[in-house]
Amino acid sequence: MFNIGKEMFFSSDRAGRKETPRPGRRRLTAWGWVTGLLLLIGMGTVGFASEPRRIVVVGDSTYAPMEFADAEGNPRGIVVDIWRLWEERTGVRVDYRTMDWTDALKAVENGQADAVGGFFYSNRRATSYEFSPPFLEISTSIFFDENIYGIKGLKDLHGFRVGVMHQDYAEEFLQTHAPETEVVAFTSTTDMIQAAVNGELRIFIADTPVALFYLAGLNRKNTFRFTSTPLYTNQFQAGVKKGNREMLALVNSGFDEISKADIEAIRHRWTGVSWAERIPWRWLAVIVGSALLAAVLAALGNLGLRRRIAAATADLEDKRRQLEASEKTSRENEQRFRTLTENADDGIVRFDRAFHPLYANPVVESFTGIPRDAYIGKKQFKPGLPKALETRLEQALARVFETGEKHRLEFELPSGTWIDWLLIPEKTADGSVDTILTSAREITDRKHYEQNLRESEEKYRQLFEMESDAIFLIEKDSGRILDANTAAETLYGYPRKALVQMCNRDLSAEPEQTTRATVSQLEKIPVRYHRKKDGTIFPVEIGASHFTWQGHEVHVAAIRDISFRVKAEGEKKRLEAQFHQAQRLESLGTLAGGIAHDFNNLLMGILGRTSLILAELAPDHPHGEHLRGIESLSKSAADLTRQLLGLARSGKYEVRPTDMNTLVKETAEMFGRTRKEIQIRTEPCEAPWTVEVDRGQMEQVFLNLCINAWHAMPGGGSLILQTANVCLDEAHVRPFSVAPGNYVKISVADTGIGMDPEIQQRIFDPFFTTKEMGRGTGLGLASAYGIIKNHDGIIQVRSEKGRGATFTIYLPASVKAAAPAANESNTLKMGTETVMLVDDEAIIADVAEAMLTSLGYQVLTAKSGREAIDLYSRDPSAIDLVVLDMIMPDMSGAETFDALRACNPEARVLLSSGYSINGGATDILNKGCRGFLQKPFSLTALSKKIRSILDAP
């Protein structure tokens, strides 16, 4: 029975079955409206104070254009206008209210509301609601990001997270027709579509006109597509609580008076007609005139009413001032609250009754690693905890809401961090719990102390009983435990009183095996697996002896936990696999080094001749652009060979003491300028130790790691680069074959998709890549591995699927002061001195001679070390500089250098090679060689290197 003179509550949704037209409508003339209005006002004037009949209808506040709350909170939309027409036709006042959709359904189910304004019919809802005839048809579609292809229906949703409205028909539809689909439920349409626009959600299911309305409002209509065929088409129906037949009859009587044409006119007003066209000016004039006349009559007939209105107005004004003062006090209290919590040492979170986090201070971010904006105001806080722990925390919140009493519990995070969590209820004036304020404090140290204390006590008890193994006295036939020592209590977690009430098979994870061993009276039992009280399964070694005791055939079992030994054997296998991987990388590196050397010689010919032609052409020559393109491609190919040399661990180019804070910062800034979609943060340590590295190679390592992290975060994320001073002991460095001591640690961490163990095992393999064909060479991380190993360092990776990855590098520290970075210039430096070029490769010799000649030098060319010694020994003073190749047959570069210095101890020699500086080249540099030039080199690089040697004192 609907209520008369009593305010109720009502809600709305999406619904419907096929519409059945109903004949007959009542139309009111303008004079009928005027007469009715005057009669109602007159009745009020002469004291008939009975309130007109009314029902309250509620709908979704975020379901535009069907129904929504405008900026002032007023209900608007197609369904609202239909109910306004219903009110007009029945004479029953409709108090239409919009709210959260879930709350609306609950209001009707709890009897707080009369009817649902409009929603779809479903079997589940039919158990709780009675439905009116259909009055509006709406299609529902699958919406997806424009960069996703192949979405045509439900079968194409596998592997995607799909957004739906909570308790919407779409949620029930997916559960019925595609239960394997991963569903993300939202409490409002605006939240769901905003999540899609923000990139947090790539696919969602929504009613087509509603989704298009919100996407158009966000100017993102063209960035989402929807399936050409609707997922389903349903019809809107009003609904009342199951069994409320009288209310259903009233609702149906109103819709009987509304035709399809009426509803189409309302739909048209919202989808195709301007506001001016929608306003019924003639009727409005009649109604306004009637209202004015009624107001005059009311004023003349009841002056006392004015006084009551004035008094009521004054009372309302007083209440408004009180409310403003209360709001000011609340704001001040909130500001004090935030000042206190933002500076607190504990992690503080406030939850509402739906367990939504309303506030969290900065400490919570440090506990969880998740920015506050990711969950404040969202449906639920999901910091990636195990399901059992999430359930435990939610039960604690529910307990405080139910009892109104504070509660405290301790729990361990997956990271091993222990938390002491205090939950304090915040109550309203009526004593009900409105929110809960929680405070989390780390107590890991205390827990470790408690654990250490327990272990000390156990050691004392073991010494007291003179036996570290668990000892059981067991009856043969039944397997019943007759006695157990303290070590057994410690190992299995049961008190002795409980153990002597159990059988040995109760402790075993293989009870049938245990029973057979007991009956067979084995004295040496193979490795078995037992179970502790907490469910932990662990391997044991068992020795037994048999005898008769107090009339029972018994055996004594000495049980030893061999988890450590099994773990050590597993670690041994892991180290063996790591050693084999290092051998494989070493072999591949040797091959790569040889390929890079030969390829560099070819690139030298291409790059050198291109530089010569460019030097002779006018800047505006039509061939200049093509030649500069060849030069650029040759340099790119040279970069590839440098990666191969890094993989080959063929040495370092130019080693200088370096401040890693500066190098890491410069690399991050350079990379960040082209990758705006990710957040890059550096966390340098104070006073970092110096390391001796090749800056160019280290920049290559960090850039490769940054690019790898960027590829792992296709939707954006965070990249954090940290430095620290650490000291590694012998146990830490032994698996990596480096010396213990002081190291500088550099960490590159991302929040990307992470890696599974199988990929982690191959991440440093050459030519291994997870990217599609043509999108990567697979040399980036392999060359990084080679470069770090060649610097006597360590590189490791730690990652979990979906939890990001962290690459950690350790480089040996140096006592030398950091050297400033060298300034680069592209200006050619000319000269007139005599230079002898020594190279057995005709390609290199020809182009290098031409390059030296173009720079103004007098050039002598030797095709072997012996020819070079013969030329030089004739007149050492006539040759100002020798450009010497490192790798030559018959007489190597090292032997040639020694012979040249024997002729002239002050001979100036520039070493050049397709390899980088390896052991032999380093020895030559240490003997007094003036410099090293990596092939291939450009004309500019050659000119600068020669002048730096010739101009030096």
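Lys447 is buried in this predicted model, with a relative accessibility of 16%. That value is under the 20% cut-off, so Lys447 counts as buried. Even so, Lys447 has a charged partner: its side chain forms a salt bridge with Glu450. Side chains of opposite charge can pair when their charged atoms come close. A search of the whole structure finds 28 salt bridges, and here is a friendly look at a few of them.

**Within helix H15**
- The closest N and O atoms of Lys447 and Glu450 are 3.8 Å apart.
- Both residues sit in helix H15, three residues apart, which is about one turn of the helix.
- Glu450 counts as partly exposed, at 25% relative accessibility, whereas Lys447 is buried.

- Arg446 pairs with Glu410 in a salt bridge, and their closest N and O atoms are 2.3 Å apart.
- Arg446 lies in helix H15 (residues 444–465) and Glu410 lies in strand E16 (residues 407–412), so this pair ties together parts that are 36 residues apart in sequence.
- Arg446 is partly exposed at 35% relative accessibility, and Glu410 is partly exposed at 26%.

**A network**
- Glu410, Arg446, Lys447 and Glu450 are linked in a network of salt bridges.

**Another pair to find**
- Asp95 forms a salt bridge with Arg97, with the closest N and O atoms 3.0 Å apart.
- Asp95 is buried, with a relative accessible area of 14%, while Arg97 is partly exposed at 24% relative accessibility.

Methods
Residues numbered from 1 in each chain as written. Predicted model: local features only at pLDDT ≥ 70, side-chain atom pairs only at ≥ 80, totals over all residues. Heavy atoms only, no water. Salt bridge = Lys/Arg side-chain N within 4 Å of Asp/Glu carboxyl O. Buried < 20%, exposed > 50% of the residue type's maximum accessible area, 1.4 Å probe, protein only. Helix = DSSP H or I, 4+ residues; strand = E, 2+ residues; numbered from the N terminus.
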